[in-house]
Amino acid sequence: MYSNKKIKAVLSDLEPKNVFYFFEEICRIPHGSGNTKAISDYLRDFAVERSLEYYQDDLNNVIIYKNVDCDDEGIDNKSYFNDEPIILQGHMDMVCEKSPESSKNMEIDALDLVVDGDFISADGTSLGADNGIAIAMMLAILDDDELDLPSIEAVFTADEEIGLIGAEGLDLSNLSGRALINLDSELEGYLVVSCAGGNRLDVRIPLDYYDLDDGLIGDDYSLIEVFIDGLMGGHSGIEINKGLANANKIIAEMLAILNDKVDIKLINIEGGNADNAIPTEAKCAFLAKVDEVKDIVEEYGLRVNSEVFDLEEDFSLEFMASEISKWDVLLSGVLSDETRDNIIGFLNAVPNGVCKMSDDISGLVETSLNLGVMELDYDFNATISVRSAFDSERDKLNGDVVAIAEEFNGIVDVRGEYPSWEYDEDSKLRDLICRVYEEEYGKPMVVEIIHAGLECGLFVNKIDGLDAVSMGPTLRDVHSFNERMSISSVYRTYNLLIKILKEFKYNK
């Protein structure tokens, strides 16, 4: 459940009013990945209130049709209102990230929107403009009966951020359009026409614990806690080549240095919130002698700070030592030396960041990996995002991680596989959009191939002859609590989209 109490509007004076009205409505409904039932039902109710045909499935995907003939069983593949339909598509889930100071429960609380000059952000949390602005623009189009547009099939997919789950499971027989505009890109003036594929890797290392009756905890040991925070974070595809620091890898390296020099007894290690977000914070707890570890940890923190300061000026490493509460230690348990070595060994051996750059396109990342989440539960668990422009390279990297995990007694499950989206040399939709953009702005649109994963690849692979592109307004620092969206860019992008749709109807 979430609170639907009336909250004062923050965006009501912004243009286009209908777009920002719906965006603010979306921000009042918690819609993190895996928590999309409420937003899905909101979209269904939107269609019902306007007497629009809709389709909603068990994965929470929603399709809303405007000026498309439907019968009781769904879309009629042969009958339309005088024109060919176009598919508009975006995903309804967001990556939930928050600052260390934020107390917000993003599973039930509305976002607190902030307008600062040309940018909208959320106080202390990610904004969800990725991809909430797509949902808002699509709803604004569906809501406006004055627009002279083609028939619309508006597709709202669930759980894109955790493996394109909604798009993978969507019954595409409910679609008849053969042109698709995905609205999940993040830089105005750029048209994305190809992207990487990828998958998630779930790594599990079984845990073994000390018998504390063996006198492990001596009087000269203390409980040591180390906290890493203040990192920028960001999108593990688009921003993986920026050299941003990964909190999980930092704390793992620190533990490896300590483990080589002194005796530490690991109790806990955790960090990151999403596999496709570069982790901004991590923490660990262990038993050790303060005089043996304090200087090593602080010197390591100074070294890291000097290495990452140009990009990560807010980096922080906090060292805390306290008396051991035997009861607390008994509750959490102390990992055996073998388990400790397996976890630290794996975290330091597994690659992270850019693995290979493209040989053909300057500056394009070809293959990458992001160690996004790690935690102790019944086992040690890590979740990793793997991306590549080539399925063969993705599979090779998967195999490398499996081999590393097995070396440290780990088991790997592969999930959420999604295909790469190959460049289409004969895209009429691409040519149409580029023509409209140049007529509007007097300069060419940038046609781009990106390293991030988009749902276009799934749709193109499932629908024969589908012509797809991706576009969107300018967003900054997505997948982080610094995420923000340009107001003026939304205005221009929405107006451009309307012009594109009119051109599609009359001059395709």
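Modeller: Buried means under 20% relative accessible area, exposed over 50%, and partly exposed in between, with a 1.4 Å probe and protein chains only. This is a predicted model, so local features need pLDDT of at least 70, side-chain atom pairs count only at pLDDT 80 or more, and totals for chains, interfaces and linings use all residues. Residues are numbered from 1 along each chain as its sequence is written, and side-chain values use heavy atoms, without hydrogens and water.

Biologist: Is Leu 88 buried or exposed?

Modeller: Leu 88 lies in strand β5 (residues 86-91); strands are DSSP runs (E, at least two residues) numbered from the N terminus. Its relative accessibility is 0%, so Leu 88 counts as buried.

Biologist: Which residue touches both Leu 429 and Ile 433?

Modeller: Contact means heavy atoms within 4.5 Å. Residues up to four places away in sequence are not counted. Leu 88 is also touched by this residue. The residue is Ile 181.

Biologist: How many residues has the largest nonpolar core?

Modeller: Such a core is a set of buried Ala, Val, Leu, Ile, Met, Phe, Trp, Tyr and Cys residues joined through side-chain atoms within 4.5 Å. Phe 156, Ile 181 and Met 485 have the most contacts inside it. The count is 69 residues.

Biologist: At what angle do the axes of α10 and α12 cross?

Modeller: Axes are lines fitted to C-alpha atoms over the stretch in contact, and angles run from 0 to 180 degrees between N-to-C directions. Helix α10 (residues 428-441) and helix α12 (residues 487-507) have axes that come within 10 Å. The angle is roughly 125°.

Conventions
Helix = DSSP H or I, 4+ residues; strand = E, 2+ residues; numbered from the N terminus.
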